[in-house]
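Thanks for coming, everyone. I will go through one structure this morning, starting with the overall layout and then moving to individual contacts.

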Amino acid sequence: MDQRLVFDIAHLLAGGLVLVSFMLLYQDRMFGLLNVFALHALVLSLSVAWQAYVQNAPHLYITAGIALVLKAILIPVLLHRVVVRLEIHRSIETVGGIGLTMLLGIGLVALSMVVMLRVTEGADRLAREDLALALSVVLLGFLMMVTRRNAVSQVVGFMSLENGLILAAAGAKGMPLVVEMSVAFSVLVAFLVIGIFLFRIRERFDTVDMHALDRFRGEQS
């Protein structure tokens with residue numbers, strides 16, 4: 001296959017993941033957020049599958065399958081059930097508003113490009129550009145965790161951040177399969193623990209709004 005076409009498709013998928021990260025930042029409704037996260041995981045699985053083809057690394061197809069089944073299907077369905085069970089299907093409060101968050105996100109993407117392209121100057125062209133895009137996804141996930149007050153949306157931010165790490169590892173000539181499996185297992189365990197934690201918060205405080213929990217902690221101190 002033509003090398004230029006290989007680069008174009010890889011950059012299209014990695015850039016699409018950055019775009020969907022911005023869509024996550026823009027969401028202000030809970031169900032919309034979960035649906036976009038499913039799309040985020042789907043684009044990740046396509047990107048990793050393409051890297052598997054380009055690098056002739058069959059184990060990356062397993063990584064793509066894990067991302068598709070676990071993150072694009074299973075976790076969004078379970079989170080939908082958590083949201084319904086906790087009765088928190090409403091708007092999501094943000095720190096500073098959506099507009100400011102999007103501007104900060106654009107700044108973080110620009111910073112990622114400048115830093116990563118300089119640091120990886122001697123690396124393979126495809127790998128260094130994908131790493132720059134992957135760092136953008138990581139920073140946007142971190143930004144989402146910081147600017148969202150709802151615990152469920154912070155969980156989604158954490159998992160989108162982890163998607164960026166998987167993209168970076170796949171672009172850097174892949175991870176050993178054992179590492180990929182451990183990452184997938186740890187994410188599943190973390191999701192189960194976080195789910196239990198959210199139910200306990202709801203039972204104790206009748207809310208999962210982090211701002212309200214901070215006020216409660218202030219009253220107790």
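The protein has eight helices and zero strands. Helices here are DSSP runs of H or I with at least four residues, strands are runs of E with at least two, and both are numbered from the N terminus. Along the sequence the pattern reads α-α-α-α-α-α-α-α.

Before the details, two points on the source. This is a predicted model, in which local features need pLDDT of at least 70 and side-chain atom pairs count only at pLDDT 80 or more, while totals for chains, interfaces and linings use all residues. Residues are numbered from 1 along each chain as its sequence is written, and side-chain values use heavy atoms, with hydrogens and water left out.

Of the 221 residues in the protein, 48% are buried. Buried means under 20% relative accessible area, exposed means over 50%, and partly exposed is in between, with a 1.4 Å probe and protein chains only. Contact means heavy atoms within 4.5 Å. Among contacts with a separation of 6 or more, 75% are between residues 24 or more positions apart.

Now to helix α2, residues 30–55, and its partners. How do α1 and α2 cross? The axes of α1, residues 3–26, and α2 come within 9 Å and cross at roughly 165 degrees. Axes are lines fitted to C-alpha atoms, for helices over the stretch in contact, and angles run from 0 to 180 degrees between N-to-C directions. The two helices, α1 and α2, are therefore roughly antiparallel. For that word the angle has to be over 145 degrees; under 35 counts as roughly parallel, 65 to 115 as roughly perpendicular, and the rest as oblique. The crossing of α1 past α2 is left-handed, meaning that the near helix is turned anticlockwise from the far one by less than a right angle; clockwise would be right-handed.

On the α1 side the contact residues include Val6, Ile9, Leu13, Leu17 and Val20. On the α2 side they include Leu33, Phe37, His40, Val43 and Trp50. By class, this contact of α1 with α2 has 18 nonpolar, five polar and no charged residues. Ala, Val, Leu, Ile, Met, Phe, Trp, Tyr, Cys and Pro count as nonpolar, Asp, Glu, Lys and Arg as charged, and the others, Gly among them, as polar.

The next partner is α3, residues 59–86. Its axis and that of α2 are 7 Å apart, at an angle of about 175 degrees, so α2 and α3 are also roughly antiparallel to each other. The contact of α2 with α3 holds 23 nonpolar, six polar and one charged residues.

Then there is α6, residues 151–171. The axes of α2 and α6 come within 10 Å and cross at roughly 10 degrees, which means α2 is roughly parallel to α6. Among the residues that meet are Leu34, Ala41 and Val48 in α2, and Val156, Met159 and Ile166 in α6. The contact of α2 with α6 divides into 13 nonpolar, eight polar and no charged residues.

Staying in α2, take Ser45. Is Ser45 buried or exposed? Ser45 is buried, at 6% relative accessibility. Leaving aside neighbours within four places in sequence, Ser45 is in contact with Ala64, Ala67 and Leu68.

On aromatics, the count comes to one pair. The ring centres of Trp50 and Tyr53 are 5.2 Å apart and the planes are at 35 degrees, so the pair is tilted. The rule pairs rings of Phe, Tyr and Trp (its six-membered ring) with centres within 6.5 Å; planes under 30 degrees apart are stacked, over 60 edge-to-face, and the rest tilted. Trp50 and Tyr53 both lie in α2, three residues apart, about one turn of the helix. Trp50 is buried at 15%, whereas Tyr53 is partly exposed at 43%.

Asn56 is not a glycine, yet has a positive phi of about 55 degrees. With a relative accessible area of 65%, Asn56 is exposed.

Last, Leu135 in α5, residues 125–147. Leu135 is partly exposed, at 24%. Setting aside neighbours within four places in sequence, Leu135 is in contact with Ser112 and Met116.
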